[in-house]
Amino acid sequence: MAGSVGDPVSHYFDADPAVASEPGRVRLVLPDLALDLATDRGVFAREAVDAGTKLLLMESPPPPPEGDLLDLGCGYGAIAVTLGRRSPAARVWGVDVNRRAVALTAANAAAAGAANIRAVGPEEVPAEVRFDGIWSNPPVRIGKAALQALLVRWLGRLSPGGRAWLVVHKHLGADSLARWLGAEGFATERLTSRMGYRVLEVGPS
Ligand SMILES: C[S@@+](CC[C@H](N)C(=O)[O-])C[C@H]1O[C@@H](n2cnc3c(N)ncnc32)[C@H](O)[C@@H]1O
């Protein structure tokens, strides 16, 4: 029985989710494209595309047509595949620690005909790559210190003219995160606020 004493505890950010695979599908409908995406247990938002993720994809500006773009914490790739389809001449990196998620992003990119997506673990992105745009529904559940370290690590790789867009729910600390990013030297503005979600626009430090 799920949740029984002795069950392995599984998180969507585990490298190898303890829960058995149970493939599923979700649909993402945006004004400019619609995607059928493969999902699985042990991966974030497996039953439906997260409302925050959809808001981020609706509200953030169109991605640059070229350059390196990052979906930080890609899950099954809703953001990465959208970026890949919106900017077919860009290189889109979908990065996640969860290997089941990385495999799903690769499969979803292939199914969507987006050959410009590289779905990889964090250590597989070459150190010299700088990002012209970063999109993320970041893993707030990993804890404040780990989240801050993650954001400093990747936002520090924005190119000089690059921008990042983050979606975070206000109940999960969006406003204090925005203040903290500003104090760290990343110019941060609230692009939009809807349904309790904030979409933050972040510049390089
Ligand atoms: C809130 S989920 C968003 C997933 C997906 N982008 C979406 O919108 O459906 C955050 C993701 O960050 C990943 N993650 C957690 N820690 C990470 C890390 N250190 N580096 C990269 N990704 C990480 C999790 O595995 C999870 O897939």
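**Helices, packing and a few loop residues**

Trainee: Which residues are buried in helix H5 (residues 174–183)?
Mentor: Helices are DSSP runs of H or I with at least four residues, strands are E runs of at least two, and numbering starts at the N terminus. Buried takes 20 or more other C-beta atoms within 10 Å of the residue's own, exposed takes 12 or fewer and partly exposed is in between, with C-beta atoms placed from the backbone. In H5, the buried ones are Ala-174, Leu-177, Ala-178 and Leu-181.

Trainee: What pLDDT do local features need here?
Mentor: Residues are counted from 1 along each chain, as its sequence is written. This is a predicted model: totals for chains, interfaces and linings use all residues, side-chain atom pairs count only at pLDDT 80 or more, and local features need a pLDDT of at least 70.

Trainee: Which strands do the buried residues of H5 pack against?
Mentor: Contact here means C-beta atoms, placed from the backbone, within 7 Å. By that test, the buried side of H5 packs against E7, E8 and E9.

Trainee: How far apart are the end C-alpha atoms of helix H4 (residues 144–155)?
Mentor: The expected span is 1.5 Å times one less than the number of residues. For the twelve residues of H4 that gives 16 Å, and the model agrees, with the end C-alpha atoms apart by 16 Å.

Trainee: Which residues of H4 are buried, and which exposed ones face away from them?
Mentor: Leu-151, Trp-154 and Leu-155 are the buried ones. They fall within an arc of 90 degrees seen down the axis, so they line one face of H4. Their cover includes strands E3 (68–72), E6 (131–136), E7 (158–169) and E9 (197–202). The face turned away carries the exposed Ala-145, Ala-149 and Arg-153.

Trainee: Is helix H2 (residues 78–86) largely enclosed or largely open?
Mentor: Its buried residues include Ile-79, Val-81 and Leu-83. Eight of the nine residues of H2 are buried, so the rest of the structure leaves this helix largely enclosed.

Trainee: At roughly what angle do H2 and helix H3 (residues 99–111) cross?
Mentor: Axes are lines fitted to C-alpha atoms, for helices over the stretch in contact, with angles from 0 to 180 degrees between N-to-C directions. The two axes come within 9 Å and cross at roughly 30 degrees.

Trainee: Which residues make that contact?
Mentor: H2 brings Ala-80, Val-81 and Gly-84. From H3 come Thr-105, Asn-108 and Ala-109.

Trainee: Where is Met-195, and is this residue buried or exposed?
Mentor: Met-195 lies in the loop between strand E8 (188–194) and E9. Its phi is near 55 degrees, positive although the residue isn't glycine. It has 10 C-beta neighbours inside 10 Å, so Met-195 counts as exposed.

Technical notes
The arc is that of the directions from the helix axis to the C-beta atoms. Two residues are in contact if their C-beta atoms, placed from the backbone, lie within 7 Å.
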